[in-house]
Amino acid sequence: MSTKEIVEFETSELAAGHRDVLHLHHEGSFLRAYEWSAFLACRYLHDFKVTKRVFKGVEQPVAFIGFPETSINKWMPEGAEQTAVGEKHLAVRLPKELFGEDTPEAIDAAFTEWKEAVPLSESQAKGEKKVKVQTGIDLGLGKEAGVTLTSVMQRILAFPIESKSPLESMAFLADVKRQLATMI
C-alpha cells in the first residue's frame, strides 16, 4: 500500500467506528503505524518517537511511528488480538479494558490534540529543498552545503532506513563515508 492508500484506509476505518484497532504495516524489517494507529500505539502501548511529514500525493501532514518487527511482542498488551490482513498488513484489536473510562469523543479530541502537537519533520519545517544526486537517492543536502560532523550525523539520523532498499542504504552509506573522508 502507498502512504496515500494507508491514510485513506485509516480514515475509512475510523469512520467505520473501528477505534480500537491498530494497523501495522511491514516496511522492510520494521512495522509502521500511521495516523490513528500511531496515536493508539503512543497512547496505549508505548511512548514511541513520532514523525510527521508530508508525503507525495497526500494533502496533509501524516504522523507515523515505527519499530523493529522483532519487538512487536514487547509492546503488545495481554489480550490483544493480532490478525494478518494481507502480506504486509497486521491488524491488532486492543483489549477494551485498555481504554478504561475514555469515551470515543474524548479519544477523538485527544487524537486531534496529539497530532497537532507533533512537529513537522525538521527538514520540511525549514522548507529545505532536497536534492537528488546521481545515485537517484534523496540525500537531503545540496552540493554546496558545508560538510560538518553535525550535518553528517543529522543525515544519518534522518535517513529512513526502514523504508529504503538495501541498495539505497548501501549507496547512502557510501556517500556518508565519502563525506567523512573529506573531513579527515
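Before the second helix pair makes sense, a word on angles: axes are lines fitted to C-alpha atoms, for helices over the stretch in contact, and the angle is taken between N-to-C directions, from 0 to 180 degrees. Keep in mind that this is a predicted model.

With that, take α2 and helix α4, residues 104–117. Their axes come within 10 Å and cross at roughly 100°. An angle of 65 to 115 degrees counts as roughly perpendicular, so α2 and α4 are roughly perpendicular to each other. On the α2 side the contact is made by E35, W36, A38, F39, C42, R43 and Y44. Helix α4 brings I107, D108, A110, F111, W114 and K115. Sorted by class, the contact of α2 with α4 has nine nonpolar residues, four charged and no polar ones.

Helix α2, residues 35–45, also meets helix α1, residues 3–15. Here the axes come within 7 Å, and the crossing angle is roughly 70°. This pair is therefore roughly perpendicular too: α1 against α2. From α1 the contact uses V7, E10 and L14, and from α2 it uses E35, W36 and S37. The residues of that contact of α1 with α2 split into three nonpolar, one polar and two charged.

Next, α6 and α7. How do their axes cross? At roughly 170°, with the axes coming within 10 Å. That makes α6 roughly antiparallel to α7. Helix α6 contributes L149, V152, R155 and I156 to the contact, while α7 contributes F172, D175, V176, Q179, L180 and M183. In the contact of α6 with α7, seven residues are nonpolar, one is polar and two are charged.

This pair also carries a surface feature. Which residues make the nonpolar surface patch of about 510 Å²? They are L149, M153, L180, M183 and I184. Helices α6, 149–158, and α7, 166–183, each supply at least two residues of the patch. L149, found in helix α6, belongs to the patch and also to the contact with α7.

Last, salt bridges. How many does a search of the whole structure find? Nine. One of them joins R93 to D20, with the closest N and O atoms 2.9 Å apart. R93 lies in strand β6, residues 89–93, and D20 in the loop between α1 and β1, so the pair ties together parts that are 73 residues apart in sequence.

That is what I have; questions are welcome.

Key. Residues are numbered from 1 along each chain as its sequence is written. This is a predicted model: local features need pLDDT of at least 70, side-chain atom pairs count only at pLDDT 80 or more; totals for chains, interfaces and linings use all residues. Side-chain values use heavy atoms; hydrogens and water are left out. Helices (H or I, at least four residues) and strands (E, at least two) are DSSP runs, numbered from the N terminus. Angles under 35 degrees count as roughly parallel, over 145 as roughly antiparallel, 65 to 115 as roughly perpendicular and the rest as oblique. Contact means heavy atoms within 4.5 Å. Ala, Val, Leu, Ile, Met, Phe, Trp, Tyr, Cys and Pro count as nonpolar, Asp, Glu, Lys and Arg as charged, and the others, Gly among them, as polar. Patches are made of residues with over 30% relative accessible area and no salt bridge: like charges are joined within 9 Å, nonpolar side chains (Val, Leu, Ile, Met, Phe, Trp, Tyr) within 5 Å. Accessible areas come from the Shrake-Rupley method with a 1.4 Å probe; for residues, only the protein chains shown count as cover. A salt bridge is a side-chain nitrogen of Lys or Arg within 4 Å of a carboxyl oxygen of Asp or Glu.
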